[in-house]
Amino acid sequence: IVVVRATIDRNGYLVNAVVTKSSGYGALDDDALGLMRRACPLPLTQDLNKPKITVVVPIRYRLNEFDR
């Protein structure tokens with residue numbers, strides 16, 4: 001699991017994202033940050049009533065073995 005703390009502005013754009021709990025794999029941690037960037041801008045259905053919000057997002061990866 002990678003835990004990302006992300007700040008989103010009132011228009012759904014990513015302001016900042018940081019890994020707060022590493023998976024122990026740099027590639028997965030980097031991908032979690034990329035996932036947040038790719039997901040934004042978020043389609044907000046309601047006004048935030050504030051300039052930005054901070055959310056904590058746990059992202060679970062499953063690594064499967066495969067034959068080469």
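Two strands count as paired when DSSP finds at least two bridges between them, and with that in mind we can turn to the structure above, which is a predicted model.

Let me start with the sheet. Strand 1 and strand 3 run antiparallel and are joined by 8 bridges; one of the places to look is V4, whose bridge partner in strand 3 is V57. On the other pairing, strand 1 meets strand 2, residues 14-21, again in the antiparallel sense, over 6 bridges, and here A6 has A17 as its bridge partner in strand 2. Taken together, these strands form an open sheet of 3 strands in the order 2-1-3, in which strand 2 and strand 3, the latter covering residues 52-59, are the edge strands, each pairing on one side only. From one strand to the next, the twist averages 20 degrees. If you follow the chain from strand 1 into strand 2, you pass through a hairpin with 4 residues between the strands, where G12 takes a positive phi near 90 degrees.

Now to the helix. Helix 1 lies across strand 1, strand 2 and strand 3, and runs at about 25 degrees to strand 1. Which residues make up the largest nonpolar core? There are 10 residues in all, namely V2, V4, A6, I8, L28, A32, L33, M36, C40 and I59, and the elements that give two or more residues to this core are strand 1 and helix 1.

Let me finish with charged residues. The structure holds 1 salt bridge, formed by D31 and R38, whose closest N and O atoms are 3.7 Å apart.

What, then, of D29, is it buried or exposed? D29, which lies in helix 1, residues 26-39, is buried and yet has no salt bridge, the nearest side chain of opposite charge being K21, 9.9 Å away. A salt bridge would need a nitrogen within 4 Å of a carboxyl oxygen. As for what surrounds D29, apart from its neighbours within four places in sequence, D29 is in contact with V2, V19, S22, S23 and G24.

Key:
Residues are numbered from 1 along each chain as its sequence is written. This is a predicted model: local features need pLDDT of at least 70, side-chain atom pairs count only at pLDDT 80 or more; totals for chains, interfaces and linings use all residues. Side-chain values use heavy atoms; hydrogens and water are left out. Buried means under 20% relative accessible area, exposed over 50%, partly exposed in between (1.4 Å probe, protein chains only). Lys and Arg count as positive and Asp and Glu as negative; His and the chain ends are not counted. Contact means heavy atoms within 4.5 Å. A nonpolar core is a set of buried Ala, Val, Leu, Ile, Met, Phe, Trp, Tyr and Cys residues joined through side-chain atoms within 4.5 Å. Axes are lines fitted to C-alpha atoms, for helices over the stretch in contact, and angles run from 0 to 180 degrees between N-to-C directions.
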